[in-house]
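I opened this notebook to record what I looked up in the structure. The entries follow the order in which I consulted it.

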Amino acid sequence: MHTDPIADLLTRIRNGQKARHRVVEIPGSQIKLGIVKVLHRMGYIANYKWEDNEKQGLIKVALKYDPITKKPAITKLDRVSSPGLRQYANTSEIPRVLNGLGIAILTTSKGILTGKEAKAQNVGGEVLCYVY
């Protein structure tokens with residue numbers, strides 16, 4: 001049993017990139033799907049697919065690599081908020097990741113957003129992870 005499903009999602013993506021897999025399968029949930037949608041929208045993964053089965057669903061994530069150097073598009077995935085220590089930020093405290101080169105993913109009252117989108121919509125929330 002996993003106590004932190006978001007950390008499990010990030011670890012599966014990280015391990016899949018280290019092993020040079022094209023596709024990673026992740027047990028599905030709405031929050032994981034939201035994070036994967038943000039990663040796809042920001043260009044960190046190639047594609048994703050939600051497969052509905054009788055239990056909870058499955059998210060298939062197609063990882064993205066540089067065509068010339070074969071390096072993964074995601075350099076680092078850092079979990080910020082954990083079940084034991086939640087990290088919240090209001091609009092003025094939303095962190096900039098790598099001086100604007102990376103993204104912070106937040107869960108807000110308006111859904112799962114990047115830090116820039118949350119600032120633009122003037123909402124704060126729980127800082128889930130940093131991606132760069």
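**Entry 1: a strand pair.** I began with W50, whose bridge partner in β3 is I59. K49 stands opposite K60 in β3. I noted that β2 and β3 (residues 58-63) pair in the antiparallel sense over 6 bridges; two strands count as paired if DSSP finds at least two bridges between them. The hairpin of β2 and β3 has 6 residues between the strands, and G57 takes a positive phi near 100° there.

**Entry 2: basis of the values.** I recorded that this is a predicted model, in which local features need pLDDT of at least 70 and side-chain atom pairs count only at pLDDT 80 or more, whereas totals for chains, interfaces and linings use all residues. Residues are numbered from 1 along each chain as its sequence is written, and side-chain values use heavy atoms, with hydrogens and water left out.

**Entry 3: the sheet.** I found 3 strands that form an open sheet in the order β1-β3-β2, with antiparallel pairing. β1 (23-27) and β2 (45-51) stand at the edges with a single partner strand each, so one side of each has no neighbour in the sheet. On average, neighbouring strands of this sheet are turned by 20° against each other, direction ignored. Helix α1 packs on the sheet and touches β1 and β3, and its direction makes about 165° with that of β1. Helix α2 (residues 30-41) also packs on the sheet; α2 touches β1, β2 and β3, and its direction makes about 150° with that of β2. Contact here means heavy atoms within 4.5 Å. Axes are lines fitted to C-alpha atoms, for helices over the stretch in contact, and angles run from 0 to 180 degrees between N-to-C directions.

Entry 4: I then turned to β6 and β7 (residues 111-114), which run antiparallel and are joined by 4 bridges. The hairpin passes from β6 to β7 through 2 residues. T107 has I112 in β7 as its bridge partner.

**Entry 5: the whole chain.** I counted 3 helices and 8 strands in the protein; helices (H or I, at least four residues) and strands (E, at least two) are DSSP runs, numbered from the N terminus. Along the sequence the pattern is α-β-α-β-β-β-β-β-β-α-β. The radius of gyration is 15 Å, close to the 14 Å that the globule rule gives for 132 residues, so the protein is as compact as a globular protein of that length. This radius is taken over C-alpha atoms, and the rule is 2.2 Å times the number of residues to the power 0.38. The C-alpha atoms fill a box of roughly 40 × 40 × 25 Å along the principal axes.

Entry 6: I looked up the largest pocket, with a volume of about 200 Å³. Of the 14 residues that line this pocket, P95, G102, I103, G115 and K116 are the closest to its centre. A pocket is an open set of points on a 1 Å grid over the protein atoms alone, where a 1.4 Å probe fits, with protein on both sides within 12 Å along at least five of seven lines; lining residues have an atom within 4 Å of a point. Grid points are joined across faces, edges and corners, and a volume is the space filled by probe spheres set on the points. β6 (103-108) and α3 (115-120) each supply at least two residues of the lining, and α3 gives the most, with 3 residues.

The second largest pocket holds about 150 Å³ of space. Its lining includes R14, Q17, K18 and K71, and helix α1 (residues 5-18) contributes the largest share, 3 residues.
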